[in-house]
Amino acid sequence: MLITDGMPISLLLSSKGCVSELALMGGGRSVSGKHEDLSAFGVDLSDWVTVGCRSVDGKLVYEVNGSEAYVLPLGPEPVRIVGMMFLFVGTGSVQAVRLQEGDDTAYRAF
(Lines give C-alpha, C1' and ligand atoms only; values in the text may rest on other atoms or scores of the structure.)
Protein backbone atom coordinates (compact mmCIF):
# COMPACT_ATOMS: atom_id res chain seq x y z
CA MET A 1 0.00 0.00 0.00
CA LEU A 2 1.28 3.44 -0.90
CA ILE A 3 0.32 6.05 1.67
CA THR A 4 -0.38 9.34 -0.10
CA ASP A 5 -1.52 12.81 0.88
CA GLY A 6 -4.94 11.72 -0.47
CA MET A 7 -6.52 8.30 -0.71
CA PRO A 8 -4.07 5.37 -0.33
CA ILE A 9 -3.12 3.32 -3.36
CA SER A 10 -3.54 -0.35 -2.57
CA LEU A 11 -2.69 -3.45 -4.53
CA LEU A 12 -3.77 -6.77 -3.04
CA LEU A 13 -2.96 -10.30 -4.14
CA SER A 14 -4.63 -13.61 -3.37
CA SER A 15 -4.73 -17.22 -4.44
CA LYS A 16 -6.43 -17.64 -7.80
CA GLY A 17 -9.71 -18.87 -6.31
CA CYS A 18 -10.14 -16.00 -3.85
CA VAL A 19 -10.06 -12.86 -6.03
CA SER A 20 -13.66 -11.88 -5.29
CA GLU A 21 -12.48 -11.02 -1.76
CA LEU A 22 -9.98 -8.45 -3.07
CA ALA A 23 -10.35 -4.69 -3.41
CA LEU A 24 -8.22 -1.94 -4.95
CA MET A 25 -7.93 1.70 -3.98
CA GLY A 26 -6.43 4.47 -6.04
CA GLY A 27 -7.20 7.67 -7.86
CA GLY A 28 -9.95 8.48 -5.36
CA ARG A 29 -11.79 5.26 -6.18
CA SER A 30 -12.32 1.87 -4.57
CA VAL A 31 -12.96 -1.28 -6.63
CA SER A 32 -14.38 -4.51 -5.22
CA GLY A 33 -13.64 -7.97 -6.61
CA LYS A 34 -17.30 -8.77 -6.02
CA HIS A 35 -18.28 -6.28 -8.75
CA GLU A 36 -15.21 -6.08 -11.04
CA ASP A 37 -12.93 -8.69 -12.60
CA LEU A 38 -9.78 -8.70 -10.47
CA SER A 39 -8.68 -12.17 -11.60
CA ALA A 40 -5.25 -10.83 -12.66
CA PHE A 41 -4.49 -10.37 -8.95
CA GLY A 42 -4.94 -14.10 -8.29
CA VAL A 43 -1.43 -15.59 -8.31
CA ASP A 44 0.66 -18.55 -7.20
CA LEU A 45 1.76 -17.29 -3.79
CA SER A 46 4.37 -20.05 -3.42
CA ASP A 47 6.65 -18.13 -5.82
CA TRP A 48 7.84 -14.50 -6.00
CA VAL A 49 5.33 -12.13 -7.59
CA THR A 50 6.36 -8.84 -9.19
CA VAL A 51 3.82 -6.05 -8.70
CA GLY A 52 3.83 -2.50 -9.94
CA CYS A 53 1.72 0.60 -10.00
CA ARG A 54 2.43 3.57 -12.23
CA SER A 55 0.69 6.68 -13.46
CA VAL A 56 0.45 7.06 -17.23
CA ASP A 57 -1.58 9.66 -19.15
CA GLY A 58 -3.97 10.38 -16.26
CA LYS A 59 -4.42 6.71 -15.38
CA LEU A 60 -3.22 4.50 -12.55
CA VAL A 61 -1.94 1.26 -14.09
CA TYR A 62 -1.58 -1.82 -11.86
CA GLU A 63 0.77 -4.57 -13.06
CA VAL A 64 1.26 -8.15 -11.90
CA ASN A 65 4.23 -10.17 -13.16
CA GLY A 66 4.86 -7.69 -15.97
CA SER A 67 1.29 -7.66 -17.34
CA GLU A 68 -1.31 -4.94 -17.01
CA ALA A 69 -3.82 -6.12 -14.40
CA TYR A 70 -6.18 -3.16 -13.97
CA VAL A 71 -6.45 0.54 -14.85
CA LEU A 72 -8.14 3.30 -12.83
CA PRO A 73 -8.52 6.95 -13.86
CA LEU A 74 -6.56 9.42 -11.75
CA GLY A 75 -8.12 12.55 -10.33
CA PRO A 76 -7.04 15.99 -11.51
CA GLU A 77 -4.91 16.76 -8.43
CA PRO A 78 -1.32 15.47 -8.17
CA VAL A 79 -0.71 12.88 -5.46
CA ARG A 80 2.37 12.77 -3.23
CA ILE A 81 3.58 9.46 -1.81
CA VAL A 82 4.41 9.92 1.88
CA GLY A 83 4.99 6.31 2.92
CA MET A 84 4.34 2.65 2.21
CA MET A 85 3.03 -0.32 4.11
CA PHE A 86 3.17 -4.07 3.57
CA LEU A 87 0.47 -6.27 5.08
CA PHE A 88 0.21 -10.06 4.97
CA VAL A 89 -2.46 -12.50 6.06
CA GLY A 90 -0.21 -15.32 7.18
CA THR A 91 3.45 -15.31 6.23
CA GLY A 92 4.93 -13.16 3.51
CA SER A 93 8.04 -11.27 2.52
CA VAL A 94 9.23 -8.47 0.28
CA GLN A 95 12.28 -8.99 -1.89
CA ALA A 96 12.79 -5.45 -3.26
CA VAL A 97 11.12 -2.03 -3.41
CA ARG A 98 11.72 0.75 -5.94
CA LEU A 99 9.94 4.07 -6.37
CA GLN A 100 10.65 5.99 -9.57
CA GLU A 101 9.78 9.37 -10.97
CA GLY A 102 10.28 9.12 -14.69
CA ASP A 103 13.63 7.41 -15.22
CA ASP A 104 15.01 8.57 -11.85
CA THR A 105 14.94 6.20 -8.87
CA ALA A 106 13.60 8.13 -5.87
CA TYR A 107 13.82 5.23 -3.38
CA ARG A 108 15.26 1.72 -3.42
CA ALA A 109 15.48 -0.84 -0.61
CA PHE A 110 16.29 -4.50 0.07
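Strands here are DSSP runs of E with at least two residues, numbered from the N terminus. What you're looking at is a predicted model, where local features need pLDDT of at least 70, side-chain atom pairs count only at pLDDT 80 or more, and totals for chains, interfaces and linings use all residues. Residues are numbered from 1 along each chain as its sequence is written, and side-chain values use heavy atoms, with hydrogens and water left out.

Strand 5 and strand 6 run antiparallel and are joined by six bridges. Two strands pair if DSSP finds at least two bridges between them. Zoom out, and you'll see three strands in an open sheet, ordered 4-5-6, with antiparallel pairing. Strand 4 and strand 6 are the edge strands, as each pairs on one side only. On average, neighbouring strands of this sheet are turned by 20 degrees against each other, direction ignored. For that angle, axes are lines fitted to C-alpha atoms, and angles run from 0 to 180 degrees between N-to-C directions.

Now for the greasy part. The largest nonpolar core has 15 residues, and among those with the most contacts inside it are Leu24, Phe41, Tyr62 and Leu72. Strand 5 (59-64) and strand 6 (67-73) are the elements that give two or more residues to this core. A nonpolar core is a set of buried Ala, Val, Leu, Ile, Met, Phe, Trp, Tyr and Cys residues joined through side-chain atoms within 4.5 Å. Buried means under 20% relative accessible area, exposed over 50%, and partly exposed in between, using a 1.4 Å probe and protein chains only. In soluble globular proteins, nonpolar side chains tend to be buried together.

Leaving aside neighbours within four places in sequence, leucine 72 is in contact (heavy atoms within 4.5 Å) with Gly26, Arg29, Val31, Lys59, Leu60 and Tyr62.

Which residues make up the aromatic pair? The structure holds one such pair: phenylalanine 41 and tyrosine 62, edge-to-face, at 6.3 Å centre to centre and 80 degrees between the planes. The pair links distant parts of the chain, with phenylalanine 41 in the loop between strand 3 (29-32) and strand 4 (51-56), and tyrosine 62 in strand 5, 21 residues apart. Rings of Phe, Tyr and Trp (its six-membered ring) pair if their centres lie within 6.5 Å; planes under 30 degrees apart count as stacked, over 60 as edge-to-face and the rest as tilted. Phenylalanine 41 is buried because its relative accessible area is 0%, and tyrosine 62 counts as buried at 0% too.

Tyrosine 62 also leads us to serine 10. Serine 10 sits in the loop between strand 1 and strand 2 (23-26). Beyond its close sequence neighbours (within four places), serine 10 is in contact with Met1, Ala23, Leu24, Met25 and Tyr62. With 5% relative accessibility, serine 10 counts as buried.

Leucine 2 is buried, at 17% relative accessible area. Threonine 4 is in strand 1 as well, and counts as buried at 8% relative accessibility. The side chain of threonine 4 reaches the backbone nitrogen of glycine 6 at 3.0 Å and the backbone oxygen of methionine 7 at 2.8 Å.

Definitions and conventions. Helix = DSSP H or I, 4+ residues; strand = E, 2+ residues; numbered from the N terminus. Polar contact = N/O pair within 3.5 Å; in protein donor to acceptor, adjacent residues only side chain to side chain.
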